[in-house]
Amino acid sequence: MAKIIGCIGTSHVPTIGVAYDKGRQADPAWAPLFDGYKPVAQWLAEKKPDVLVFFYNDHATTFFFDMYPTFALGVGERFPIADEGAGLRNLPAIKGNVDLQAHIAESLVNDEFDLTIFQEKPIDHGCASPLPLLWPHDPDWPGTLVPIAINVLQYPLPTAKRCYKLGQAVRRAVESYPEDLKVVIVGTGGLSHQIHGERTGFNNEEWDLEFLRLLQFEPEKLTQMTHADYVRLGGAESVEQIMWLAMRGAMPEKIRKLHQNYYLATTTAMTLVLYEEGEEAPETAARATADASA
Amino acid sequence: MNPQLKGIEEIGGTYAFDIRTSNKTLKLNRFLWKMIGSGWRERYKADPEAVMQEAGLNDTEKDLIRRQDWLGLVRHGANFFVLEKFARVVRKTNLEVYAIMRGESFEEFMQTRRVPESR
């Protein structure tokens with residue numbers, strides 16, 4: 001049986017990809033970000049998951065607004081990394097496991113999540129920005145992805161609660177797959193940021209840390225919030241944090257935090273968190289949070 | 001009214017991109033979206049007027065594009081995530097676009113950030 005061994009929440013800021021490609025890992029302005037990924041990359045290297053299920057959003061690259069899916073699951077052995085206007089990146093195409101992807105699609109649809117299925121489509125920075133920081137890729141990726149795109153661009157978006165339920169359904173799908181695969185769930189986006197209109201540049205660190213606390217200990221409170229609540233508290237584009245709720249929904253009730261990195265350099269609170277199943281006192285988690293952002 | 005967006009109109013400087021907006025600005029957003037294709041962006045660079053015409057932009061939209069009026073485009077209903085593809089083609093970074101939308105010079109904007117040298 002396939003098993004979920006942990007989950008990772010990560011920003012997917014496109015400039016992470018640009019800085020990575022330019023080799024700025026040791027640049028003082030970027031090192032706090034790249035160094036923050038090392039413990040998670042190390043954990044992945046030790047645990048050797050076969051599969052990453054990626055909850056991400058397409059930034060009107062693969063899909064356009066003339067036909068924009070609310071939930072879409074990618075099926076294929078390979079997905080090229082998309083050209084988003086600046087040319088192609090030097091990364092191998094993302095790998096997939098068609099049988100697992102098809103099983104998850106069947107399980108989700110039979111569980112009343114009526115997904116769009118996409119095939120032979122490129123995938124943009126929603127996956128490709130954090131992926132090379134998590135997994136080595138020379139000469140190729142060590143495992144496969146199950147890409148699940150969520151509409152966080154064109155309202156009406158799925159509610160926070162619906163995303164959480166999607167995560168729960170993904171857990172049922174993974175756990176009903178007969179092969180012994182190790183699976184890690186990745187939720188991408190956020191945290192606080194706004195990148196359009198006069199309110200561009202808005203951040204809210206206090207809310208970001210509260211969001212992380214609620215995500216770990218009281219996720220149902222986050223599922224009750226409206227999109228307007230997320231926009232007010234974290235900036236317009238932080239509404240994409242509903243994808244972290246999909247990740248959380250795939251995890252058991254009690255999770256413990258193994259690592260956190262919070263780096264608000266310019267406009268997005270670039271955040272990385274790793275959780276496993278287990279007990280943790282809120283005070284311990286809060287202390288780790290304070291250390292990470294100090 | 002989408003109940004998930006109740007109260008969003010009270011948040012200043014924010015333009016929720018919904019189906020109604022998208023329906024009105026589909027041609028503009030498609031024009032911007034197609035900048036991910038190397039053929040489209042090379043043709044745009046060679047003859048912007050012809051490509052805007054072919055894309056079906058109206059006069060207001062053409063003017064906003066000609067002037068690279070980033071905030072005007074957002075207010076008109078351009079989605080930022082296709083706008084940023086156009087920004088790549090005209091050699092503007094996102095940080096530069098953010099500064100312009102705030103009505104600040106690039107250096108002024110960067111001084112409001114925690115790590116101004118992160119660019």
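How many helices and strands does chain A have? After that, which helices of chain B supply at least two residues of the side that touches chain A?

Modeller: Happy to. This is a predicted model, in which local features need pLDDT of at least 70, side-chain atom pairs count only at pLDDT 80 or more, and totals for chains, interfaces and linings use all residues. Residues are numbered from 1 along each chain as its sequence is written, while chains are lettered from A and ligands numbered from 1 in the order in which they are written.

Let's begin with chain A, which has 11 helices and 10 strands (DSSP runs numbered from the N terminus, helices being H or I with at least four residues and strands E with at least two). Its radius of gyration is 17 Å, close to the 19 Å of the globule rule for 294 residues, so chain A is as compact as a globular protein of that length (the radius is taken over C-alpha atoms, and the rule is 2.2 Å times the number of residues to the power 0.38). The C-alpha trace of chain A spans about 45 × 40 × 40 Å along its principal axes. Of its 294 residues, 53% count as buried (20 or more other C-beta atoms within 10 Å of a residue's own; 12 or fewer is exposed, and in between is partly exposed, with C-beta atoms placed from the backbone).

Now for the part you asked about. Chain B puts 42 residues in contact with 35 residues of chain A (C-beta atoms, placed from the backbone, within 7 Å). On this side of chain B, at least two residues each come from helix H1 (19-24), helix H2 (26-33), helix H7 (80-89) and helix H8 (94-102). H7(B) gives the largest share, six residues. By type, the side of chain B that touches chain A has 20 nonpolar, 12 polar and 10 charged residues (Ala, Val, Leu, Ile, Met, Phe, Trp, Tyr, Cys and Pro are nonpolar; Asp, Glu, Lys and Arg are charged; the others, Gly among them, are polar).

The axes of H2(B) and H7(B) come within 8 Å and cross at roughly 45° (axes are lines fitted to C-alpha atoms, for helices over the stretch in contact, with angles from 0 to 180 degrees between N-to-C directions). That angle makes H2(B) oblique to H7(B) (under 35 degrees is roughly parallel, over 145 roughly antiparallel, 65 to 115 roughly perpendicular, and the rest oblique). The crossing of H2(B) past H7(B) is left-handed (the near helix is turned anticlockwise from the far one by less than a right angle; clockwise would be right-handed). H2(B) contributes Asn29(B), Leu32(B) and Trp33(B) to the contact, and H7(B) contributes Val82(B), Leu83(B), Lys85(B) and Phe86(B). Those residues divide into five nonpolar, one polar and one charged.

What about H8(B)? Its residues Asn94(B), Val97(B), Tyr98(B), Ala99(B) and Met101(B) are buried. An α-helix has 3.6 residues a turn, so residues three or four places apart point the same way. The buried residues of H8(B) pack against helix H6 (70-76), H7 and helix H9 (106-111) of chain B. Just after H8(B) comes Gly103(B), with a positive phi of about 75°.

Definitions and conventions:
Contact = placed C-beta atoms within 7 Å.
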